[in-house]
Amino acid sequence: MTSEGNLGRASSVYNSWAAEASKVILFVGENCCTSSVETQGLPIIKLRGVRDESNVSFEKTAAALKYIYHNHQGMYDWLLKASDDTYVNLRQMDAFLAQFNPLQHLYLGKRGPQTPAHCEGGAGVVLSASTVNSLAPVLDECGSSSNREGLKEDVVLGRCIMAAVSINCTQLSSGLLEQHSTSTASILPSLKSDPAYHNAVVVYHVTKPEDMTLLHWYYKREEYNLLRERLDSVEQLIDMLCTQLLIEDCRPSSMDGACSQQTSTCSPQVNLPSPLPISPHTIEDMVSWDFFDKGALYNDRSIYPSHSFRVMEPRKREMKALNVEVTKEASRQYGKPLRFRKIIGGYTRYSPLVGVEYIMDAVFLDRSTMNGAVHLRVGLVQPLAPNYIAQHETSDSSAIVNVIMPVSNVESRFAGFLEMYENVALKNHEAARLILVTYGEEGVAFVNKVMQPYIERNADFKFTIVKGEGAFTRSQSIHLGMTQLGDADLAFVCDVDMEIKNHFFNRCRRNPVQGKRVFFPEFFKTYNLDFVNRHKDGTPPKDFIIRSYGHWASYSYGMMCIFKSDYLAVGGMKMDIVGWGDEDVEFYERVLGKSLEVIRAPDTGLFHRWHEKECPATLPATQYQHCLSSRAENLADRMELANYIFELQQNRTSKCT
């Protein structure tokens, strides 16, 4: 937190300890920084509607927290709020925070002596991501002018946190030093004489930029000395290992990586043992194996128990290459050339520490006689490459996201979508445009009526209403929405039941690349709350991603971020598919057939709200079955359904007795 009069101090913070933080934002008031020279290179955010004052105000703190909530949710574990006269020893801070769980509600800092419920703002405040997510929505109410009259910013913040998550300030650590800088005295004598600085986590009231630089030098020197000590101990260990391997003078300075074959002290004939994988000590450490036979792969990480090689081209190629390597190793073991005949069975797994491991039982033929089956077991490892290979990434992070959404027979749900869209996109001035496709004059009139209050409240609401003709189909609706775009425009095909988090828009911009790549996010589909919430009080959080509340819709391809030119290159939607269903899978397969890259992954910014699903018997047979399957998938987790069935059975039994 800074202001125009303190940009010099803010610059010294940004160029010292803050340069090593994962993300740094300097928050100022809306009327700050008329000179571009002063702000050059600084990550400054001007807070709308907040005056630029030298002292920290609650308005500025609240606006900054809401900005983080709307723009960076899900991208961090801890939020550190500090002033421009605060130095943070990030190495010590990381070590201290390692003992806490950022998924829990935590409020850390220096506890105030008079009111222990709050943390004093001068020494910095650390909030867990969970606390920020619960705090931001209530700041306007708890921090209203009537509730904060006569109170300091840090006291009001403490009261808001208590109101939001019912926790007090937890003392950050004993390493909080208050430094009173003057115009003449330097901090250097204190650094040399006061041992308290050695393990300090935060030094605050550092008002002179040169003292900020001295502190950074001091702690970097301390870090260097620690690394030197570690390096010395590692060198001693290498000396001991090289002695055991009968290798003389094998110090790191005489090696290129490990004992180099070009170094005279490390003979080429010495075969150093390969590093062994870490032995698992807990269930979480264990990397499970998949079983395979000649036709399929079997694992427990999917709702499908088997995966046929016939429809998995990459796996099919992998097995062909594996058969070649297995035959080579089997021939070496047997002592004679062998020919591969058939797979009996095998196991495979990917270990991030080793690579891809295989164990295969197979039948071979002796090439010299071509008769007599030879049964052998072979184990192979395809090791990880020793280096990373950089891949060129390009994306337009400023593109307007055109949200294409069909609207048909979803009156109540459409109003809910608009309320969400206002909070996420309109209030945050997101670079987005809403394209609504509806049918008939009645549909257009309905959409206009529901949208009217949102149009009146949001002057910059960009939208287009498109009227379709004839019977509703999702394919036609998407295509009509696409006709409103230029070839270089980016589209997000959306559903009226989708809840969008603010951070999704950035991924929708960055993941697609025109002419190269399309983004098909997997959304989290919530279950029927009548089943999920039967034995709980209140409604579960909509973004709570756990098994009992929902599942990733890995079978749905209806949400996508795609440039119009790529949509046309694929051939557009297939217009003869009526109603809902199958059009997304058919289009997705054509995208793959065009050799476009696809990013397909779960996305924590998309949640599909549960609703009743109708499956008209007039649908084609395949679509009808898919509709029924989808309706069953979305009802509840199998554990909840099983408990529900058991309760019905028990109730029936008790009535009979």
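In the predicted model, D361 and R377 form a salt bridge, with their closest N and O atoms 2.8 Å apart. This pair links distant parts of the chain: D361 belongs to strand β15 and R377 to strand β16, 16 residues apart. D361 is partly exposed, at a relative accessible area of 21%. R377 is also partly exposed, at 46%.

Strands β15 and β16 belong to an open sheet of six strands, ordered β13-β12-β11-β14-β15-β16 with antiparallel pairing. Its edges are β13 (306-308) and β16 (373-383), each pairing on one side only. Neighbouring strands are turned by 20° against each other on average, direction ignored. Within the sheet, β14 (residues 338-351) and β15 (residues 355-366) run antiparallel and are joined by 12 bridges. Y347 has I359 of β15 as its bridge partner.

Helix α11 (residues 313-334) lies across β11, β12, β14, β15 and β16. Its direction makes an angle of about 115° with β16. Within α11, R332 and E329 are three residues apart, about one turn of the helix. Their side chains meet in a salt bridge at 2.7 Å, N to O. R332 is exposed, at 58% relative accessibility.

The whole structure holds 25 salt bridges. In one of them, the side chains of R609 and E499 meet at 3.7 Å, N to O. R609 lies in the loop between β25 and α19, E499 in strand β21, 110 residues apart. R609 is partly exposed, at 21%, whereas E499 is buried, at 10%. E20, K220 and E223 are linked in a salt-bridge network.

Helix α8 (residues 153-165) spans 18 Å from first to last C-alpha. Its buried residues include V155, L157 and I161. S166, which follows α8, has a positive phi near 60°.

Conventions: Residues numbered from 1 in each chain as written. Predicted model: local features only at pLDDT ≥ 70, side-chain atom pairs only at ≥ 80, totals over all residues. Heavy atoms only, no water. Helix = DSSP H or I, 4+ residues; strand = E, 2+ residues; numbered from the N terminus. Expected span 1.5 Å × (residues − 1). Buried < 20%, exposed > 50% of the residue type's maximum accessible area, 1.4 Å probe, protein only. Pairing = 2+ DSSP bridges. Axes fitted to C-alpha atoms, helices over the stretch in contact; angles between N-to-C directions. Contact = heavy atoms within 4.5 Å. Salt bridge = Lys/Arg side-chain N within 4 Å of Asp/Glu carboxyl O.
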